[in-house]
Amino acid sequence: MNLSITTIATVVISLALVLSITYLWWILAIRLAIKRSAARCTSPEPGEPATGLPSVSVIVYCHNDATGLRCALPYLLNQDYPEYEVIVVNDGMIIDDSNVVAEFRRQHPNLYETFVPDDTRNVSRRKLAIMVGIKAAKHEVIVTTNANCHPTSSLWLRAMCRNFSPGTDVVIGQSVYNHQADSLPQHLFRAFDSVCTRALFTSWAIARKPYRGTCDNLAYRRHTFFANKGFSKSMNLHYGDDDIFVSEIATRTNTAVELSPESLIVTTYEEPARALREQKYRYDFTSRYIHTRAFAVEQAMAATYWLGFATIILLSLAAVIDLLAIFAPGIVAAISPGLLAALHPETLATATGHFTQGTFGLTDVLLTAAPLPLLLLHTLPGILAYRSVARLLHMPRLFFTVPLFTLARPIVNLRYHLRGHRFRQQNFTWQRLK
């Protein structure tokens, strides 16, 4: 074997190993952070003493969703919590939504309703609705959700609000969408993308660098909201109440993450594919207003994953060529006599001859043995990490498709980013949303 070939093979294998270990370190850091945080979030017990639990106002944003509101209110109004109120903010004074509230209010005096005038212009109606609800609230802690959301447990408020110890002003909860209703093409990729998005912003919050939450399940103190002057810095944008606002008020010391099963919120979309597509466009736009290293690190790790795969593929091709040079030299000679001579300058006769003559050397061992273990090292940890988070969120636990989706995700994100430039004007409040 030529020394140069051996050196090249060693360098390529070393590069693949470094890339795989780098990605392995990152993905395991996310998995361990979420796993340890989830282990600390033990399930609350029903009827626990109310000592230390703050009074709570639940703000429910509702816009022309009487069906969703009718489904959500029984869950929200039957929480095992000592003192709380539910305030439905009716965006546009829609009669059907108001009738649902009136129906439930007969049996639940802690249910209230307020309105956002339909003729409001040039401000974010959603943010204005939340501000109206917070001004109407009488309790210390605000929990925001939507009419198309419902808790999975009567202990939801206990799980979320037990985190409000002295010094904690923000609690980031989790929500998942009704993935069972998504039967359109690419539904598994949408589930994968949703889990990855939540894993990323949750792990950064656990690492005391929060930059995003979910508007379906977010809690903060009322005085923190007003100390930040509400959404005043982003009222010219339709959205941002769960990422721009969180990045403004959340700090290293005042933010907690809740991951217990009882704290989970389920969000129901009539058309999950369309809703998630609009959500990705929205988050891509608002991300430019968030100051965090999370996006740059995610892009760097995506590049690392791609480069690692590329080196493994190159090694696999080199292994195939090297094996052909040993066992079928005529094929390689037909392609390139120079390549055959570079791999094996000696005459290659039979397989037995290669071993006895010592022509099956270090390069052959490296090239033929390295690709498979490197591939396992590069893909298996990511599969296990994804399944761990998906299990926590009750989302589909994929296996063989995880590496393919991991490769595809940065390309899909880039596509959304490029196409999003055509719709960026629609994110400003001078463009009225339908």
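Where is the place of Arg208? In this predicted model, Arg208 sits in the loop between H6 and E8.

**View 1. Arg208 and a positive surface patch.** Arg208, Lys209, Arg252 and Arg293 together form the patch. The loop that holds Arg208 runs between helix H6 (187-206) and strand E8 (218-221). With a relative accessible area of 45%, Arg208 is partly exposed.

**View 2. Positive phi at Gln186 and Arg208.** Most residues other than glycine have a negative phi. Gln186, not a glycine, has a phi near 70°, and Arg208, also not a glycine, has a positive phi of about 65°. Gln186 is found in the loop between strand E7 (175-177) and H6. Its relative accessible area is 59%, so Gln186 counts as exposed.

**View 3. The aromatic pair Phe225 and Phe231.** The structure holds 19 aromatic pairs. In one of them, the ring centres of Phe225 and Phe231 are 5.2 Å apart and the planes stand at 80°, so the pair is edge-to-face. Phe225 is buried, with a relative accessible area of 1%, and Phe231 is buried at 1% relative accessibility.

View 4. Tyr305 is buried, with a relative accessible area of 3%. Phe309 is also buried, with a relative accessible area of 14%.

Conventions: Residues numbered from 1 in each chain as written. Predicted model: local features only at pLDDT ≥ 70, side-chain atom pairs only at ≥ 80, totals over all residues. Heavy atoms only, no water. Patch = residues over 30% accessible without salt bridge, like charges linked within 9 Å, V, L, I, M, F, W, Y side chains within 5 Å. Areas by Shrake-Rupley, 256 points an atom, 1.4 Å probe, with all protein chains shown as cover. Salt bridge = Lys/Arg side-chain N within 4 Å of Asp/Glu carboxyl O. Lys, Arg positive; Asp, Glu negative; His and termini not counted. Charge placed at Lys NZ, Arg CZ, Asp CG, Glu CD. Helix = DSSP H or I, 4+ residues; strand = E, 2+ residues; numbered from the N terminus. Buried < 20%, exposed > 50% of the residue type's maximum accessible area, 1.4 Å probe, protein only. Phe/Tyr/Trp six-rings, centres within 6.5 Å; stacked < 30°, edge-to-face > 60°.
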